[in-house]
Amino acid sequence: MRSLNTPKENTWCPGCGNFGILNAIKKCIQNLVEGGIPLSELVMVCGIGCHGKIFDYLSLSGVYSLHGRALATAQGIKLANPDLKVIVFGGDGDSLGEGLEHTLFAAKRNMDLTLILHNNGTYGLTTGQFSPLSYTGYKGLSTPQGSIERPFHPIPLLLEAGATFLARTYSTKLEHMVQTLHKAIDHKGFSFVEILQPCVSYNNTYQLFNEKVKLLDVIPRDDATVMALARNQEHYYIGIYKEQLIPVYHELLYQTQNPIRERLSGLQRKQKIRELY
Amino acid sequence: MTYFIKTQWSIDLHDIHTIIIAGKAGEGVKKAAQVISGILMSYGRHVFQNDDYQSLIKGGHNYSTVSTSEAEVFSTSEQADLIICFDKRSVEERRVDLKCGGTFFYNSDDGDGSMGIGLPMTSLMKKAYNTNGNLCSVPIGIFCALYGHSKQELANIITGEFRKDRDENLALAGMIYDCVEERLAPFARKHIPVAEHLFSGNQLISLGAWTAGLDFYFGYPMTPASSILHYLALQKDRLGVQAIHAESELAAINMAIGASFAGARAAVGSSGGGFALMQEAFSMAGMVEAPLLCILSSRPGPATGVSTYTAQEDLFFALHQGHGEFARVVASPDSHERAYSLAAELLSLAWELQTPVVLLTEKHLSESSTCLKLQPEQVPHADVKIGLENDDYERYEITDDGISPLLFPPSDSVIKWNSHEHLPSGLRTDKSQPITDMKAKRASKIITAKQAVKKYQQIAEYGEGENIVFAYGSTVLELREAARHTSKPLHIIAPIYLEPFPLEELAIYAGRVIVVVDHSCTGLFASFLKEKLQTKILKNILRYDGRPFDPHSLATLLEEAFDA
Ligand SMILES: Cc1ncc(C[n+]2csc(CCOP(=O)(O)OP(=O)(O)O)c2C)c(N)n1
Ligand code: SF4
């Protein structure tokens with residue numbers, strides 16, 4: 001397999017959780033390719049934020065989209081060519097703030113792609129303002145007195161929206177990340193992986209997570225348990241919360257067709273117009 | 001019961017004959033007009049249908065106007081030869097539209113009887129349906145009787161047009177037909193239709209884009225663009241096109257960019273409000289160099305404005321879509337025929353230039369209908385620059401014409417589209433020289449675009465002489481219809497391409513004295529022309545109440561302008 005590195009200088013802060021995520025996705029891609037998935041069929045889409053910089057550090061085709069719009073871009077790619085495996089990298093500001101609508105709707109549609117959420121509980125790139133996942137009381141430049149809002153719980157939110165694969169992992173646990181991402185990408189349907197990603201500059205949660213992260217040993221048997229475990233703040237459970245197979249959007253839309261490979265030529269279109277009109 | 005008609009239609013000097021059907025929303029006004037348009041087309045006549053409706057689902061006052069002639073008809077006239085009203089309010093609103101000597105039918109179950117011929121439309125409808133139904137086949141019954149069709153022909157028409165409630169419609173149309181004794185049969189029937197199909201502007205835009213390769217349309221309902229989404233959704237199986245109703249316009253355009261990354265020809269459409277939401281992604285399409293067709297169908301603004309009426313307030317908005325500098329093409333069809341060919345040209349240009357293009361139109365073209373035969377032969381084949389699949393491939397390779405070769409996944413080459421400023425490889429940069437180089441590359445597409453549009457007709461010109469009138473979009477239709485009624489010959493100049501603007505081709509009009517007709521309140525098109533051509537504006541004829549000009553009234557305004 002060719003190298004997944006790019007010549008781009010890495011500008012994440014030393015110690016940032018994003019490094020772990022980059023290593024994990026590289027390893028995961030290697031495993032996927034060894035498992036028979038052609039590298040050319042993997043496509044990445046990123047939002048804007050520190051998380052999005054992964055676009056420049058991973059030599060993979062894709063789109064560096066707008067802030068919040070990565071999932072909309074990704075859905076367009078998947079719909080046009082369902083043979084592609086589309087992996088989306090989003091931030092909590094990006095995917096649950098600016099672009100919340102696309103996240104909920106991609107889950108609602110059971111769009112067959114993967115959203116990897118770099119959950120650092122802050123807006124890293126824009127200097128640490130509070131995010132939709134920041135805890136109440138979070139102090140940032142835009143909330144110097146502390147945030148007065150309550151955070152979303154991403155897994156319960158995505159569960160309710162209709163995601164069919166839900167998981168959480170932690171950016172220090174390389175092997176756990178690799179396994180979880182692999183399952184998520186393999187999953188047929190909308191898969192959501194929340195990665196606890198400490199931001200050393202604005203929300204350093206290493207100590208908190210090192211103490212409180214716990215492994216989920218089995219997939220919870222019902223949605224109520226998923227909700228309870230995902231909301232738990234005593235322990236941050238990492239592992240797979242849900243795995244369900246139901247029809248995916250593109251197959252409901254056009255079954256097994258491929259709109260790109262089966263597109264009509266210009267001549268066929270002209271002929272058809274002549275026949276019909 | 002039979003009803004006699006004592007009037008005799010005067011034959012219009014220009015053979016324009018107009019029929020209005022009016023009633024509440026949901027009563028079948030538009031469909032009835034469509035069926036009548038179809039019958040008139042079968043005589044070998046031309047038709048133009050305009051539907052005036054409000055933003056409500058049931059009730060209110062809707063009316064459809066059909067103008068017909070043996071020659072081409074470009075817009076509807078306000079004064080009608082035949083008016084059929086389903087209710088009292090319609091009588092009140094439409095009575096002023098009756099031509100001297102015209103025939104007026106009202107519903108005697110809901111009318112004041114102060115003018116015209118009353119037919120018990122509601123009672124007959126209830127009799128036919130045994131309950132409450134639809135009045136749609138009432139005008140068809142009246143029409144067939146008056147215009148000299150046999151009852152069998154009426155039955156055939158109804159059978160062909162109605163699948164749902166066919167028997168009820170047959171009964172209702174039949175009873176109505178029996179009520180009308182007079183047979184005026186004003187038109188010769190040639191039985192060689194000028195064209196078999198009645199198309200709305202939006203249908204033609206859809207079909208033009210499809211012929212040029214459209215695979216995906218992403219939209220979010222907003223009148224008057226919604227019917228593109230509806231039409232393409234309906235054509236899914238027939239044409240193999242996907243029409244996706246996204247969660248918002250933001251989603252729609254970003255999905256479209258994604259689809260074009262994967263190699264699909266994609267389009268989006270909306271009216272002003274939805275288009276405003278698409279701005280950021282429009283700009284992204286400029287940056288990532290995504291080929292994208294964007295259809296903007298205008299209605300009066302600002303904000304939610306007047307949902308179901310026409311306007312040309314979005315000229316500068318269309319021209320200046322998106323932040324930042326990048327090449328774009330903006331063009332506006334001046335006729336239904338052009339709607340088809342221009343949509344195809346624009347989609348092809350988007351792919352040749354790898355940039356967003358805007359088809360600017362208005363409710364008056366989007367939602368009015370006329371008969372024509374499609375000319376798929378004219379549809380261009382886009383000359384798309386495709387790259388070689390190797391390790392050296394660079395998405396944003398610097399080239400003289402600014403066009404970098406495209407590749408689509410899956411590919412062994414790495415294809416990176418980047419909304420940040422980028423290196424030729426698609427990786428982000430904020431370094432001085434690469435920024436300068438990449439900006440220059442994109443800017444050179446502005447010159448390439450100027451050349452590229454030259455292979456198409458950039459200006460439409462109708463008539464000749466010294467009385468120069470400028471207009472664009474569907475206003476040109478209104479002008480061409482008005483031109484029949486002016487004593488002075490009009491010389492209508494209609495730029496189709498607005499960006500790049502055909503300056504050289506229009507150079508002969510630089511500094512000239514012209515009249516401008518426009519559906520804006522502040523004379524946007526005149527400002528645009530003054531800036532581009534330093535023209536002197538003799539008169540700015542503006543209408544901004546959402547309605548198209550009546551050809552006769554417009555003719556008078558034009559004559560006054562040129563007399564002054
Ligand atoms: C439309 C728009 N609004 C605002 C910004 C500025 N902006 C860039 S990244 C960002 C927030 C980043 O937070 P998050 O998505 O959580 O990513 P992180 O940097 O934490 O990885 C903002 C507000 C932008 N690029 N585009
Ligand atoms: S600001 Fe935070 S998220 Fe961004 S690179 Fe630095 S540590 Fe990582």
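Is B:Glu352 buried or exposed, judged by its relative accessible area? With a relative accessible area of 11%, B:Glu352 is buried, where buried means under 20%, exposed over 50% and partly exposed in between, computed with a 1.4 Å probe and protein chains only.

This is a predicted model, in which local features need pLDDT of at least 70 and side-chain atom pairs count only at pLDDT 80 or more, while totals for chains, interfaces and linings use all residues. Side-chain values use heavy atoms, with hydrogens and water left out, residues are numbered from 1 along each chain as its sequence is written, and chains are lettered from A in the order in which they are written.

Over all chains, a search of the whole structure finds 32 salt bridges, each being a side-chain nitrogen of Lys or Arg within 4 Å of a carboxyl oxygen of Asp or Glu.

| Pair | N to O distance |
|---|---|
| B:Lys24 and B:Asp87 | 3.4 Å |
| B:Arg338 and B:Asp334 | 2.6 Å |
| B:Glu352 and B:Lys455 | 2.7 Å |

The pair of B:Glu352, in helix H14 (residues 336-353) of chain B, and B:Lys455, in the loop between helix H16 (432-453) and strand E16 (459-462) of chain B, links distant parts of the chain, 103 residues apart; helices here are DSSP runs (H or I) of at least four residues and strands (E) of at least two, numbered from the N terminus. B:Asp87 is buried at a relative accessible area of 3%, whereas B:Lys24 is partly exposed at 30%. Both B:Arg338 and B:Asp334 are buried. A network of salt bridges links A:Arg263, A:Arg269 and B:Asp215.
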